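Student: I have a protein structure to look at, and I'd like to learn how to read it. Could we go through it together?
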Amino acid sequence: QVQLVESGGGLVQAGGSLKLSCAASGSISSINAMGWYRQAPGKQRELVAAITSGGRTNYARTNYADSVKGRFTISRDNAKNTVYLQMNSLKSEDTAVYYCQIDSGPRTYWGQGTQVTVSS
């Protein structure tokens, strides 16, 4: 059984910052890509940011939605099986439930979601 526990969501004013964390535990052999998605009311879930494992070079590649480039930063701590999302210069349109996702072997796991609300 694999569990993803998210934390760090909350209410923040526009222009503020939040940092999300997602820790994976349980029967995990190895984690490949990790990512953050979000879903706003009435909208489809969308990719916010993703990060690869880095492999033998230990160089992890990142990918961001255009709407968050330059404001959000994804990172990971492989020793802790944890992925982070630093969110700066938050806008009201960033309001959504944020979900972390990990790929481990052939399977994909999702967190329970954490609410981020940005007030204007």
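What follows is a talk about strands, the core, a disulfide, loops and rings.

Tutor: Before we start, this is a predicted model: local features need pLDDT of at least 70, side-chain atom pairs count only at pLDDT 80 or more, and totals for chains, interfaces and linings use all residues. Residues are numbered from 1 along each chain as its sequence is written, and side-chain values use heavy atoms, with hydrogens and water left out.

Student: Which strands pair with β11?

Tutor: Strand β2 (residues 10-13) pairs with β11 in the parallel sense over 4 bridges, with Val12 opposite Val118. Strand β9 (residues 96-104) pairs with β11 in the antiparallel sense over 3 bridges, and there Ala96 stands opposite Val116. β11 itself covers residues 114-119: Thr114, Val116 and Val118 make up its covered face, and Gln115, Thr117 and Ser119 its uncovered one.

Student: Which residues touch the most other members in the largest nonpolar core?

Tutor: A nonpolar core is a set of buried Ala, Val, Leu, Ile, Met, Phe, Trp, Tyr and Cys residues joined through side-chain atoms within 4.5 Å. The largest one has 31 residues, and Trp36, Leu85, Met87, Tyr98 and Ile102 touch the most other members. Elements giving two or more residues to this core include β1 (2-7), β4 (34-39) and β5 (46-51). Contact means heavy atoms within 4.5 Å. Leaving aside neighbours within four places in sequence, Met87 is in contact with residues including Leu18, Leu20, Phe72, Tyr98 and Val116.

Student: How many disulfides are there?

Tutor: A disulfide is a pair of cysteine sulfur atoms within 2.5 Å. By that rule the count comes to 1: Cys22 is joined to Cys100, S to S 2.0 Å. Cys22 lies in strand β3 (residues 18-26) and Cys100 in β9, so the pair ties together parts that are 78 residues apart in sequence. The torsion about their S-S bond is about 40°, so this disulfide is right-handed. Both Cys22 and Cys100 are buried.

Student: What about loops? Is Leu90 buried or exposed?

Tutor: Leu90 is in the loop between β8 and β9, and it counts as buried because its relative accessibility is 2%. Not counting residues up to four places away in sequence, Leu90 touches Val12, Phe72 and Val118, among others.

Student: Which phi does Ser89 have?

Tutor: Most residues other than glycine have a negative phi, and most peptide bonds are trans. Ser89 has a positive phi of about 50° although it is not a glycine. This residue is also in the loop between β8 and β9, and at 42% relative accessibility it counts as partly exposed. Asn81 has a positive phi near 50° too, in the hairpin of β7 and β8, which has 4 residues between the strands. With 27% relative accessibility, Asn81 counts as partly exposed.

Student: Where is Gln1 found?

Tutor: Gln1 is in the segment before β1, and its relative accessible area of 77% makes it exposed. Leaving aside neighbours within four places in sequence, Gln1 is in contact with Ser25, Gly26 and Ser27.

Student: Last one: which charged ends sit over rings?

Tutor: A charge sits over a ring if NZ of Lys or CZ of Arg is within 6 Å of the ring centre and within 35 degrees of the ring normal. The charged end of Lys19 sits over the ring of Tyr84, 4.8 Å from its centre. The charged end of Arg45 sits over the ring of Trp110, 4.8 Å from its centre.

Note on methods. Buried means under 20% relative accessible area, exposed over 50%, partly exposed in between (1.4 Å probe, protein chains only). Two strands pair if DSSP finds at least two bridges between them.
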